[in-house]
Amino acid sequence: TLQKMAKQQEAQQAASQENLLSAAGFVQRPANTPQRRASLNQLPPDRVVRTVHDDRVAYVFADPLICDCLYVGDQRAWGAYQREMLQLRVADEQALAAQMNESAAMSWNWGPWGPWAPGW
């Protein structure tokens with residue numbers, strides 16, 4: 001069951017990653033031939049890799065498990081993807097900070113500091 005939950009979480013993360021890639025302008029290319037599948041399996045899975053082909057820079061994301069495909073993007077798509085990832089990180093950090101602040105506020109003794117203290 002724990003293994004099943006881990007696989008489900010992994011699949012959700014991959015789907016979220018793929019949604020971000022698509023929204024940023026990456027194009028999904030299926031591994032629908034033996035040559036494409038072999039090429040896909042040579043790339044590190046679930047990671048964006050920078051490549052150069054015919055003097056053109058491209059960014060590729062190999063997903064051999066979920067969609068059996070390759071996501072391909074140009075410099076503009078890569079920049080948009082990085083901005084999205086940064087925004088998600090900032091939002092996650094803000095949520096964590098808010099949660100920590102709430103937890104600290106609930107456990108701290110507000111006695112002498114509250115609005116009910118003399119001088120407020």
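Is Gln 17 buried or exposed? With a relative accessibility of 18%, Gln 17 counts as buried, where buried means under 20% relative accessible area, exposed means over 50%, and partly exposed lies in between (1.4 Å probe, protein chains only). The structure is a predicted model, in which local features need pLDDT of at least 70 and side-chain atom pairs count only at pLDDT 80 or more, while totals for chains, interfaces and linings use all residues. Residues are numbered from 1 along each chain as its sequence is written, and side-chain values use heavy atoms, with hydrogens and water left out.

Gln 17 is placed in helix H1; helices (H or I, at least four residues) and strands (E, at least two) are DSSP runs numbered from the N terminus. Not counting residues up to four places away in sequence, Gln 17 touches Phe 61 and Tyr 81, contact being defined as heavy atoms within 4.5 Å.

Tyr 81 also belongs to the largest nonpolar core, which has 13 residues; Leu 21, Phe 26, Val 48, Tyr 71, Trp 78 and Tyr 81 are those with the most contacts inside it. Such a core is a set of buried Ala, Val, Leu, Ile, Met, Phe, Trp, Tyr and Cys residues joined through side-chain atoms within 4.5 Å. Helix H1 (2–24), E3, E4 and helix H3 (75–107) each give two or more residues to this core, and H3 gives the most, with four. Leaving aside neighbours within four places in sequence, Phe 26 is in contact with Leu 21, Tyr 59, Tyr 71, Val 72, Gly 73, Ala 77, Trp 78 and Tyr 81.

A search of the whole structure finds one salt bridge, a side-chain nitrogen of Lys or Arg within 4 Å of a carboxyl oxygen of Asp or Glu. Arg 37 forms it with Asp 68, the closest N and O atoms being 2.7 Å apart. Arg 37 is in helix H2 (residues 34–40) and Asp 68 in the loop between E3 and E4, 31 residues apart.
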